[in-house]
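Biologist: I would like to learn how to read a model like this one. Could you take me through it feature by feature?

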Amino acid sequence: MSFTVRRYFLILAAAAVLWLAVAGFSLVVGAENIWQLRDSQPDAFNQILSSRLERTLTAALVGAALAASGVAFQALLRNPLAEPYILGVSGGASLGVILATVLLPVSCLTFTIPALGLTLSAAGLAGFLMALVTVGAVYLIAQRHGRLDPYRLILTGVIVNAFFGAAIMLTAALAGDRLRNEIIYWLMGGLGSLRARWGELAVAALVILAGLAVFVYQAAGFNLLSFGEDVAASLGLHVERRRRSAFVVASLLAGVSVSLAGPIGFVGLIVPHLLRMIFGSDHRLLVPLSIFGGAIFLMIGDRLVQLVPYNLVGGLPVGVVTALCGVPFFILLMRRSRTPQGAAP
Amino acid sequence: MTAPAAPNALEVRDLGFTYGQGRFALSGVNFSVAPGEFVGLLGPNGSGKSTLVKLAMRLLPPAAGEIFIDGRRAGDYRLRDYARRVAYLPQENRPAFAFTVLETVLMGRSPHQGAMGFESAADLARARAALDRVDAAAFADLFLDELSGGERQRVMLARALAQEARLLILDEPASFLDLRHQYELYRLLRDLARAERRSCLCVGHDLNVAAAFCDRLVLLCAGRVVAAGPPAEVLTAAKVREVYEIDADVTLRPDGRPVVLPRIEQL
């Protein structure tokens with residue numbers, strides 16, 4: 001398939017329309033019938049709509065960030081099994097969120113920046129800061145002779161994740177019953193568990209949208225990197241520079257997502273593969289499609305979660321539902337696809 | 001240092017490189033590839049062939065000496081400009097994901113495109129012409145994985161042609177090819193050199209296929225050039241003995257090109 005401006009914008013326009021449709025659907029469909037409320041109870045109507053909007057936007061942002069981050073890691077590491085959490089970012093961010101939740105007094109869990117009029121959650125901020133620290137540490141450990149070696153990176157990420165995993169378990173073990181429950185539920189990955197506030201949603205949106213824009217711009221380079229660094233360089237790509245910036249952006253996207261909504265699995269791994277099977281491996285298309293696809297996937301997943309009558313604040317963890325519904329679909333598509341599922345690197 | 005009047009496509013002067021520990025991978029290497037010339041680079045394992053390719057592709061910085069491309073120091077080119085002049089073909093190049101043949105060849109256009117890499121009709125025409133040139137137009141919509149090794153190398157060559165580089169640097173491109181595909185690839189390279197005046201530097205292990213098609217051979221041993229010149233002058237029994245430490249009978253084909261037949265009974 002050739003990559004012309006016309007085809008590019010046609011496909012992306014279709015994806016955007018589908019995105020809008022799903023977002024609209026997410027606002028309208030739910031346990032409460034908002035049309036009835038609109039005239040009789042305007043206050044309740046506004047409140048429900050606002051809360052659904054908050055949740056829909058969170059799902060859209062996190063889904064887009066995770067899927068795009070997954071595509072980038074897969075291309076950078078030339079590994080179809082790579083996913084946003086491969087470099088240990090989720091472990092670091094999770095530990096930050098959990099430690100803040102456990103250690104801070106309830107009155108400190110949110111704070112306001114008066115100059116901006118933003119209310120942020122301390123746990124989310126702690127998660128994001130820990131994500132940054134983790135990324136920095138992983139890069140420093142993995143670096144050798146001023147170069148980032150992909151295999152050392154993966155190994156370091158796995159080790160660091162194991163370390164943070166143990167620290168999280170220790171924290172959970174020492175916490176009281178109620179907190180332990182909360183931690184375990186949060187670790188399952190549910191958008192409702194850590195309810196994003198408008199303030200942090202706005203900050204996260206800024207970081208995520210900037211990161212996504214960088215990836216759309218870098219997508220052509222991901223194609224070249226898929227053929228290995230020597231070939232990519234011979235085709236005019238500054239490999240080391242590109243790798244560094246893309247790793248940082250991908251890690252930031254993953255870190256923000258975990259801080260905002262907990263470690264939601266599956267999206268970052270599966271959505272890129274689903275789209276590759278349908279549209280091919282060309283990253284110039286795959287990156288923007290993953291942004292829309294990840295958003296759509298998580299919005300639908302979150303809607304399904306809310307429709308399940310389940311007596312739990314926030315409902316079932318969305319990661320569970322996306323995996324339960326996504327895996328059979330994935331298998332079906334993989335069986336029918338002509339596209340080879342990635343060669344050994 | 002002044003460049004020569006009629007610049008060579010590739011000129012290597014007093015090139016030296018070390019991986020450290022005082023062991024020189026290359027030292028005092030001199031040779032050149034003229035425009036339209038097909039040069040074979042031969043030598044035993046560890047003789048420095050791959051290091052030389054890496055230096056010529058600017059993947060490593062030289063420790064001593066210089067490399068000139070079209071009369072200008074290699075390091076003075078911007079990376080994209082370099083990619084417009086020099087194309088690289090590795091031993092085997094399989095991408096991490098499934099790309100079609102046409103997508104792969106179009107990537108050769110990337111040094112000529114903007115950052116987003118949108119393809120113009122001209123890019124597409126060049127890619128298709130390149131596929132035609134290597135007789136692979138029929139594969140355009142297949143995935144690389146669906147091709148044989150020989151077909152895949154032709155596609156990679158098409159990518160290099162679409163890149164419009166005048167100099168092709170090939171690192172053992174025929175290692176995984178059977179006899180016939182080896183000869184076909186070398187013949188294609190020779191034809192490209194003759195018909196389109198593209199210059200080729202091709203690293204290889206097979207002395208006979210290189211002798212049959214290359215204009216000149218450069219024989220490396222332990223990081224130094226042992227012999228350079230027309231195949232019949234380079235591949236003598238004495239040189240083969242010196243470099244590969246094996247006795248061989250060297251006969252000449254009717255066209256004067258040498259054939260090396262090792263005496264295996266002595267092994």
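Modeller: Gladly! Let us begin with surface: accessible areas come from the Shrake-Rupley method with a 1.4 Å probe. For chain B of this predicted model, the accessible surface comes to about 11100 Å², and carbon and sulfur atoms hold 51% of that area.

Biologist: How much of chain B counts as buried?

Modeller: Buried means under 20% relative accessible area. By that cut-off, 54% of the 267 residues of chain B are buried.

Biologist: And why does a radius of gyration of 19 Å agree with a compact globule for chain B?

Modeller: A compact globule of 267 residues would have a radius near 18 Å, so the 19 Å of chain B agrees with that. Along the principal axes, the C-alpha trace of chain B spans about 55 × 45 × 35 Å.

Biologist: Which elements make up chain B?

Modeller: Chain B has 9 helices and 12 strands. As for contacts in chain B with a separation of 6 or more, 66% are between residues 24 or more positions apart.

Biologist: What should I keep in mind about confidence?

Modeller: Where pLDDT is low, the predicted coordinates should not be read in detail. In chain B the mean pLDDT is 91, and 97% of the residues reach 70 or more. The model scores ipTM 0.91 and pTM 0.89.

How values were computed:
Residues numbered from 1 in each chain as written. Chains lettered and ligands numbered in written order. Predicted model: local features only at pLDDT ≥ 70, side-chain atom pairs only at ≥ 80, totals over all residues. Heavy atoms only, no water. Helix = DSSP H or I, 4+ residues; strand = E, 2+ residues; numbered from the N terminus. Rg over C-alpha atoms; globule rule 2.2 N^0.38 Å. Buried < 20%, exposed > 50% of the residue type's maximum accessible area, 1.4 Å probe, protein only. Contact = heavy atoms within 4.5 Å. pLDDT = per-residue confidence, 0-100.
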